[in-house]
Amino acid sequence: MRVALVLNGAAGALLGRTPEAIAAPLDRILAAAGAEGRVTLAEGPALCRALDAAMASDAEAILVGGGDGTIIAAAERLLAEGRGGGPTRPLGILPLGTANLLARDLGIPLTPEAALPALLSGTTRRIDVGLVNDRIFLNSSLPGIASRMVLQRERLRHTRGPLKWLRLVRAFFRGFDRGPRLHVVLQADGQPVRLVTRTLAISNNPLAEGFAAIHRRAGLEDGLLGVYAARIRRRWDLWRLIARIVAGTWQHDPATEALAARRVNVITRRARLWVANDGENHLLATPLRYRILPRALTVLVPRTEPEKPA
């Protein structure tokens, strides 16, 4: 297989490592698998140029390592290639972010040294893509206080240890206590739902219930958006919801509004809203128009069953 492998040198999992220490083991894995291609490390504007060069190459698959922003940048280019009538090449994800939600949902190992051989010997899968106005998301789109959390995360990017997480938790609680309320009308497949909330989440396919705060999705090709809002009126409502998130029963909490739809419009009096799409902030005009692009993206995934002999 001919591959183009681009790594974001500024990804959180790579901080403090030299380019040689990052690239050398991956180059050895490519050679051992008989794959043609080498690792390219780049960051900032050079990362976009590296992705463009990968797209212009004759690679049969585009592999990227980084956080959600890097994955989105590669997915946007592959979707544009498909719309232009070009070949539909698969995207391979080497998880180098913080939560790596999509990699977890796809069953990809969470270290690049384990993920790369699993993808090179893997198979392909077509998954849905979420769209809000003209912006794509693969995990979730979050209007409201989440955009403030993204800014705080970037400020603390180079902070290590428990201090970083304590500051993020403090910012989270301040957001619920002092953040502006969203007065919105949701049109979910044409049915109106009126909400007053500080946080709203639209996921690419509905979330499954489960233990702890990071939840997986039940599927990635069901053609549905998951819509979630928290009606927090008192501090007790927030503490109870957090406890149920940890227990995995949060969708049954009375403070939670949860529904699924193929199209969702978020209508508000505000002309624009900050929206965090997979951890990247965008200022978007309202109403926010959400829809699903069914099975629009081809991705590489590990094989779950052994290959049958020919």
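Does aspartate 105 count as buried or exposed, and at what relative accessibility? What you have above is a predicted model, in which local features need pLDDT of at least 70, side-chain atom pairs count only at pLDDT 80 or more, and totals for chains, interfaces and linings use all residues. Residues are numbered from 1 along each chain as its sequence is written, and side-chain values use heavy atoms, with hydrogens and water left out.

Aspartate 105 counts as buried because its relative accessibility is 16%, where buried means under 20% relative accessible area, exposed over 50%, and partly exposed in between (1.4 Å probe, protein chains only). This residue lies in helix 4, residues 101-105. Helices (H or I, at least four residues) and strands (E, at least two) are DSSP runs, numbered from the N terminus. The side chains of aspartate 105 and arginine 217 are joined by a polar contact of 2.8 Å; such a contact is a pair of N or O atoms within 3.5 Å, and within protein one must be able to donate a hydrogen and the other to accept it, while residues adjacent in sequence count only if both atoms are side-chain atoms. Beyond its neighbours within four places in sequence, aspartate 105 is in contact (heavy atoms within 4.5 Å) with Arg125, Arg216, Arg217 and Leu220.

Now step back to the whole chain. The protein has eight helices and 16 strands, and 47% of its 310 residues count as buried. Of the contacts between residues at least 6 apart in sequence, 70% join residues at least 24 apart.

Strand 3 pairs with strand 1 (residues 3-8) in the parallel sense over five bridges, pairing being called when DSSP finds at least two bridges between two strands. Alanine 4 stands opposite isoleucine 62 of strand 3. Strand 3 also runs parallel to strand 4 (residues 91-95), with five bridges joining them, and there leucine 94 is the bridge partner of glycine 65.

Elsewhere, let's follow an open sheet: six strands with antiparallel pairing, in the order 12-11-10-7-14-15. Strand 12 (256-261) and strand 15 (280-285) are at the edges with a single partner strand each, so one side of each is left without a neighbour in the sheet. Strand 15 is joined to strand 14 (residues 272-277) by six bridges, and the two run antiparallel. Across from histidine 282 in strand 15 stands valine 275.
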